[in-house]
Amino acid sequence: MSTTAPSRTRTVDHLVVGAGFAGLCAAIKLAEDGEHDLVVVEKGDDVGGTWRDNSYPGAACDVPSQLYSFSFAPNPDWSMSFSPQPEIQAYLQRVARESGVLDRVELRTAFLDAAWDEEAQRWSVTTEGPDGRTRWTSRTLLMGAGSLSEPRLPEIEGIDDFAGEVFHSARWDHSVDLRGKRVAVIGTGASAIQIVPELQEVVDHLDLYQRTAPYVLPRHDRRYSALEKAALRHVPGLQRAYRSAIYWGRETYVPAFTVDARIALPAKKAALANLRKAVADPALRERLTPTFELGCKRVLISNRYYPAVAADNVELVTDPIARVSATGIVTADGTERPVDVLVVATGFTATDLPFAHHTTGRTRRTLAERWAETGMAAYKGTTVPEFPNLFMLVGPNTGLGHSSMVFMIESQVAYVRDAVATLRRDRYASVEPTERATTEFNDDLQRRMRRTVWSTGGCSSWYLDEHGRNTTLWPRTTFTFRRLLSRFDVAAYAVTAEPGSPG
Ligand code: N01
């Protein structure tokens, strides 16, 4: 039950939005620093974020689990080198429970809006939970809502009038029995290529609507043996060394090819060989062959995708979709294919973050209004002028195409911890990055971006905004990111002293 006026008010030092990898990491680490006046609000009914939401058949991580986990909570029990979604979700539940942070998480509580109160030097935040609305007053606001959390639904004529079941990959309707059905999947990104092999095995017929063919590399996945797990658990330093080896392997090769296509050549050959091996029909193979440079879109990994597309009960449809009728999909050539269940695996609104429309800064404009002028940009991907004491986790230009987001999140959290310690130590009420520091940082970033395959590779992707500007990915090495965020650089900030403090 909700009411429009907040039914209660609460005051905290730190309000964290979202209980996925980012929000949990921030809460755990700030609590370790003695910042106990902290609450995490989470709109879902469990922790886990994207790993709670993406429960579609076949959901798994395409980054090795040893790296895709917190450095401070290693897990020797991963079953596979690339973990399936239920294991990652269980891992996050366990970490939240064992760290004690679960007690600070308020579930089924949605962030509605936030406004900076310059006089009080506090954020005023409204949430809606099971008991109605709450107005929070908080010193800092940590936004861990994720950039790949809001489904992007395709704007296709007639889709709202479709009479069958329709759902997005990140909102899988597990009550729908797909056995024996005619199913259509729209999209061929990272989500779709995991879904398609699972559906192919159970449905009567699958139409796969492809707009752009992706590169798909073999997935070198395997099950860990009991001996390996025991060694990882008991041999001192082994798991850390293993994790480092995976990290440096990715770090030294992949960032280099985003600026030099020649370095990507072996990977491109491997992707095309993967296609050749699985698809005998040359006409089908041609339609599955990408027409842009490898790396321009996320490079996908699967051993099962191409064989599934080549199966008898799957049709790859490359004619553009014209409209959806009540009973099927009509393509530009006028063909109508009947559909019982429509799965839209069309990605997320990564360049238009919902919370930005509902977060109002010192100058009384929203973050979205600011970004409409400047493009989605932040200082070090974390803080924004006009928005004092707002810390974004997985903010602009912190995404990766090649390594673990958990590494980036831990780097950002280290920066935020140091910022919070600075606020306390130097008795600042608030800190806000200067326009100059922010502009210099982003000009440099966008200059580097122009040389990367994301800009030159001849594709469109969710990495780019409507002006073709890459506002989502980090164009340098991840250890450079870590180094840049290793210390809170207060010189890049305007500070407001606490009342009565000498500063
Ligand atoms: O979404 P996407 P995703 N008509 O945006 C197509 C992460 N992730 O959910 O390429 C027809 O990549 C669109 O076509 P095109 C990962 O970072 C990680 O698959 O734009 N088609 C594309 O094929 C990933 O990058 C894991 O021409 C339409 C697809 O839909 C990110 O999430 C697993 C269309 C969208 O692909 C997003 O992946 C899964 C339309 N109107 C995801 N609109 C891990 O394993 C869109 N498309 C960690």
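1. Helix 10 (residues 367–374) has L367, R370 and W371 as its buried residues; buried here means 20 or more other C-beta atoms within 10 Å of the residue's own, exposed means 12 or fewer, and C-beta atoms are placed from the backbone. Helices (H or I, at least four residues) and strands (E, at least two) are DSSP runs, numbered from the N terminus.

2. A word on the model: it is predicted, with local features needing pLDDT of at least 70 and side-chain atom pairs pLDDT 80 or more, while totals for chains, interfaces and linings use all residues. Residues are numbered from 1 along each chain as its sequence is written.

3. The buried residues of helix 10 pack against strand 17 (359–360), contact meaning C-beta atoms within 7 Å. Just after helix 10, G375 has a positive phi of about 80°.

4. The largest nonpolar core has 85 residues, of which L24, A26 and L393 touch the most other members. Such a core joins buried Ala, Val, Leu, Ile, Met, Phe, Trp, Tyr and Cys residues through C-beta atoms within 7 Å. A second, separate core of 41 residues includes V183 and Y209.

5. Around the ligand are 24 residues, with P154, G187, G189, R211 and G347 coming nearest; a residue counts as near if its C-beta atom lies within 6 Å. Helix 4 (residues 190–202) gives the largest share of this shell, three residues.

Methods. Contact = placed C-beta atoms within 7 Å.
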